[in-house]
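Subject: Structure handover

Hi,

Here is the structure for you to look through. My notes follow below it.

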Amino acid sequence: MEGRTMKIRTITTGISLDSPKETAKIKMAANFNKKAQMIFAEQGYEVQTKRISTNTWEEYLAGLSLATIIHEVQVLEELCQSLDVSFFNIGYASIPETIEIIPELNKNTSVIYCSSKIHTKLKNASRSAQAIKRISEESENGFGNFRFCAWANCPPNIPFFPTSYHVGATSFTIGLELGEFVMQVFSQAKDLEDAEIKLQNILTLEVGKVVAIAEQISTQYDIKFHGVDTSLTPSLDKENSIAFAYEKLLNGKFGNPGTLAISGMLTRALKNVSNKSCGYSGLMLPVCEDIGLATRANEQTYDITNLLLYSAVCGCGLDTVPIPGDIKIEKITAILNDMATLAFKLNKPLSARLFPIPNKKAGEMTSFNSPYLVDCQIFSVS
């Protein structure tokens, strides 16, 4: 990996709003993101996205009518678009009445992301499932769910969307894209143990460089740096697919025996990389964001149950998983219940971004028209 720098998936700046009228805070965050991107670019880093995340919108849109909430969020979106902000997260909803509004917000916006919080005792799972189902029915190819997820046990200041939300004074985090490094290391490693040592060594060095630059930016602009989310996020690049990287070490295909062990090893390495880590800092397996994961899904080498199993030892949960459009809300609720139970039992952050695909059944192909997603077969849910 000599001479290469890792890609930065996102610079995410978090702000706390008391009112949707606090446009100065949003403008400041957008301006800061641009300056931070320039500083990283000068050091040879590609920054793919710049994002802004707020505290839960329940705090600054509380007590307003549905029509007013939709209007205020649309005004926020127009401001974001004028500032060249393509990713703006209004945080989470934590009560049934506000979760119920999310499909309306989703339908009336295009760059606004949000999430729902599942509490202990699985409160909000059913209401979140209803939101997922309705968004799928009211957006083209069900794509609206790209901007919504349900989560359990997730802390603030995760740089990745849609889970991201903010608490406290303005701060920023960095999310990385590490697929290229993992592919390189796994291609050269003798076995699992050798792969872990090599990966941790190279990532410790490379993440350390990113942290040093981020801390300089923090000092220069007097904005707190919360840390780097070292999560292994995928690339749409075939050469840097997470699934295909696994197969450099596996005696078989992703999903075959040994996949869980590699998932555990990867997460262990990622969590030990930096003392300035935040967010998930683990393995992400977003099915429709990785060409290898999509390819193996088409071959049915793994299923949703496998993904939940890997979640027990990795960092994210269920991400961009296509499921049949006619799935019952009770089935979606059951999936969310399983995810949340794992999150609370293992005391780890997990989320679920599910894509019910309208008018399509298990085994049929998705047809997303998106630069962010690759098409794959729809998973069966028994």
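A residue counts as buried when its relative accessible area is under 20%. N124 has a relative accessible area of 6%, so N124 is buried. One caution before the rest: this is a predicted model.

N124 sits in the loop between β4 and α5. Its phi is near 90°, a positive value in a residue other than glycine. K121 lies in the loop between β4 (112-117) and α5 as well. Phi of K121 is positive too, near 65°, and K121 is not a glycine. Is K121 buried or exposed? The cut-off for exposed is over 50%. K121 has a relative accessible area of 83%, so K121 is exposed.

**A cis peptide bond**

Which residues does a cis peptide bond join? They are F161 and P162, with omega at about 5°. P162 belongs to the loop between β5 (148-152) and β6 (171-177).

**Helix α5 against α12**

Helix α5 covers residues 125-138. Its axis is 8 Å from that of α12, and the two pack at an angle of about 125°. That angle makes α5 oblique to α12. The crossing of α5 past α12 is right-handed. From α5, the contact uses A125, S126, S128, A129, Q130, I132 and K133. From α12, the residues are I329, I332, T333, L336 and N337. By class, that gives six nonpolar, five polar and one charged residues.

**M339 in α12**

Helix α12 runs over residues 329-345, and M339 is part of it. Is M339 buried or exposed? With a relative accessible area of 0%, M339 is buried. Which residues touch M339, apart from neighbours within four places in sequence? The contacts are I118, A150, W151, A152, L308, L350, S351 and A352. R51 is 288 residues from M339 along the chain. The C-alpha atoms of M339 and R51 are separated by 26 Å.

**Helix α6 against α7**

Here is the other helix pair. Helix α6 spans residues 179-188. It packs with α7 at an angle of about 145°, and the axes are 9 Å apart. This crossing is right-handed. On the α6 side, the contact involves F181, V182, V185, F186 and Q188. On the α7 side, it involves D194, A195, K198, L199, I202, L203 and E206. The classes come to eight nonpolar, one polar and three charged residues.

**Helix α1**

The buried residues of α1 are I26, A29, A30, F32, N33, A36, I39 and F40. What covers them? The cover includes the strands β1 (7-15), β2 (47-54), β3 (87-93) and β6. The helices α2 (66-82) and α7 (192-221) are also included. Just after α1 comes G44, with a positive phi of about 90°.

Best wishes

Key
Residues are numbered from 1 along each chain as its sequence is written. This is a predicted model: local features need pLDDT of at least 70, side-chain atom pairs count only at pLDDT 80 or more; totals for chains, interfaces and linings use all residues. Side-chain values use heavy atoms; hydrogens and water are left out. Helices (H or I, at least four residues) and strands (E, at least two) are DSSP runs, numbered from the N terminus. Buried means under 20% relative accessible area, exposed over 50%, partly exposed in between (1.4 Å probe, protein chains only). Contact means heavy atoms within 4.5 Å. Axes are lines fitted to C-alpha atoms, for helices over the stretch in contact, and angles run from 0 to 180 degrees between N-to-C directions. Angles under 35 degrees count as roughly parallel, over 145 as roughly antiparallel, 65 to 115 as roughly perpendicular and the rest as oblique. A crossing is left-handed if the near helix is turned anticlockwise from the far one by less than a right angle, and right-handed if clockwise. Ala, Val, Leu, Ile, Met, Phe, Trp, Tyr, Cys and Pro count as nonpolar, Asp, Glu, Lys and Arg as charged, and the others, Gly among them, as polar.
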